[in-house]
Amino acid sequence: MIDGRQVIAWTPYGRVRTYSILIKYLERDVRRGLIDEVWAYMNTDPVGQEADIAYAHELNERFPWFHLKHRPEGIDLGNLPKQRYTGLAYREMVDRDTVYVRLDDDVVYLADAAIENLVRARIERPSPTAIFPIIINNAICSYFLQVCQKIPMEWGEVKPYCMDPVGWANGPFAVKLHEMLLDHIERGTVEDLYLYQDMPIKRGEEFSVSCFASLGSMYADLPDGPGVLVPDEEEHWHTQYRPVETGVANIIRGDAIVSHFSFFPQHPFLNNTNLLDRYREIADKAVA
C-alpha cells in the first residue's frame, strides 16, 4: 500500500520474452510493500503462444500476489485484433480505494522510485484521467526530454505527436534512447533524466499508454456500467475521449521513470542489439 491505498500493477499480457524482465521489478516492489497485487490480463492466442501462456501460469503458481485475469465471457467485439480487447480489462478495476498501474508487457525497467512517485502523484491529483511516468521510448516523453536538453537534437528532432516519425517509428533513435538510459542506470545517474516539473498533455492528444496510473473510483462510476469504457479502445478513451469530456489534462510525472522497449516499426533495429540482455542483467540484480 502507498498512503493507505492498495496498489495493483496490471499488464495486458502476451510475451514472456519481455515480461520475464518486468516481473523482476514487480517482485521487487511487492517485497518493498509498494505493490499489493500483480495481475496478468491474458491477451493471448491459444495456438502459437503456448510458451507465453505456460509462463503466466507458472508465475500464478509461484507467487501468491500474482493473479491471472481473463476476458469477460459473452462479449463479441467482432473480428478485431487482440490489442482491441484490452479495454475490457477495466471491468475488473472498480475498487474505489485502489490505484491501478497499467504496464505494457514490454516495459523492461522501473526506476527505484517510479511506482512510489507515480502512485503518490495519482493520489494527490485525482482529477486527471491518467498520470504517466516519463516513459523512455515514448514520442511525447521524448519531446519533453529533448526540450529539457536531456536528449540531443542531433539524434533527430521529435515533435509532440504520439506517432512521430522520429519518436515512434525510428529504430536507430530508439536504440540511442535505450543506450542512454542503460548508461545512466549503470552509472547510478537515472535521476539526471527527471524533468524539472510535471508536464500536462494537451487535452485530446493521443498518448501511447505503455504505463500510467488510474483510480478505481473513476471506473466504478462510469455511466455505462462499472469499468465499461465507451468508446472501448483503451488508449483512445484514456487520452483522447475522457480528458476532453472532463476538461482536465493528463499529466506526465517528472520524477518517475520507466522504459518501454519497442514499437513495431523499431523491431528490426532493436532485435539486432544486446539491449534486452543488458536490461535483463539489471533486472536480475533488482531482486538479488
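Before the first entry, a reminder to myself: the axes I compare are lines fitted to C-alpha atoms, for helices over the stretch in contact, and angles between N-to-C directions run from 0 to 180 degrees. I also keep in mind that this is a predicted model.

**Entry 1: helix 5 and helix 9**

I looked up how helix 5 (residues 171-187) lies against helix 9 (residues 275-286). Their axes come within 11 Å and cross at roughly 25°. Angles under 35 degrees count as roughly parallel, so I put helix 5 down as roughly parallel to helix 9. For the handedness, I noted a left-handed crossing where helix 5 passes helix 9.

Next I asked myself which residues of helix 5 meet helix 9. On the helix 5 side I listed V175, H178, E179, L181, L182, D183, I185 and E186. Their partners in helix 9 are L275, R278, Y279 and I282. Sorted by class, this contact has seven nonpolar, one polar and four charged residues.

**Entry 2: helix 1 and helix 2**

I then ran the check on helix 1 (residues 16-31) and helix 2 (residues 50-62). These axes come within 10 Å, with a crossing of roughly 20°. That makes helix 1 roughly parallel to helix 2. I wrote the crossing of helix 1 and helix 2 down as right-handed.

From helix 1, I found V16, Y19, S20 and I23 meeting D52, Y55 and L59 of helix 2. By class, I get five nonpolar, one polar and one charged residues in the contact of helix 1 with helix 2.

**Entry 3: strand 8**

Is strand 8 (residues 211-215) enclosed or open? I found five of its five residues buried, so strand 8 is largely enclosed by the rest of the structure. I reminded myself that side chains in a regular strand alternate between the two faces of the sheet. In strand 8 both faces are covered: I have C211, A213 and L215 buried on one side, and F212 and S214 buried on the other.

For a partner, I looked at strand 4 (residues 98-103). Strand 4 and strand 8 run antiparallel and are joined by five bridges. I marked V101 as standing opposite A213 in strand 8.

Strand 6 (residues 131-136) is mostly covered, with six of its six residues buried. I see strand 6 pairing with strand 9 (residues 251-260) in the parallel sense, over five bridges. F132 stands opposite I252 in strand 9.

While in strand 9 I stopped at A256, which has its place there. Buried or exposed? A256 is buried, at a relative accessible area of 0%. Leaving aside neighbours within four places in sequence, I listed the contacts of A256 as A114, N117, L118, P133, I134 and Y194.

**Entry 4: R242**

Last stop was R242, found in helix 7 (residues 234-246). Buried means under 20% relative accessible area. Not counting residues up to four places away in sequence, I found R242 touching T129, M218, L222 and W237.

How values were computed
Residues numbered from 1 in each chain as written. Predicted model: local features only at pLDDT ≥ 70, side-chain atom pairs only at ≥ 80, totals over all residues. Heavy atoms only, no water. Helix = DSSP H or I, 4+ residues; strand = E, 2+ residues; numbered from the N terminus. Parallel < 35°, antiparallel > 145°, perpendicular 65-115°, else oblique. Left-handed = near helix turned anticlockwise from the far one by under 90°. Contact = heavy atoms within 4.5 Å. Nonpolar A, V, L, I, M, F, W, Y, C, P; charged D, E, K, R; others polar. Buried < 20%, exposed > 50% of the residue type's maximum accessible area, 1.4 Å probe, protein only. Pairing = 2+ DSSP bridges.
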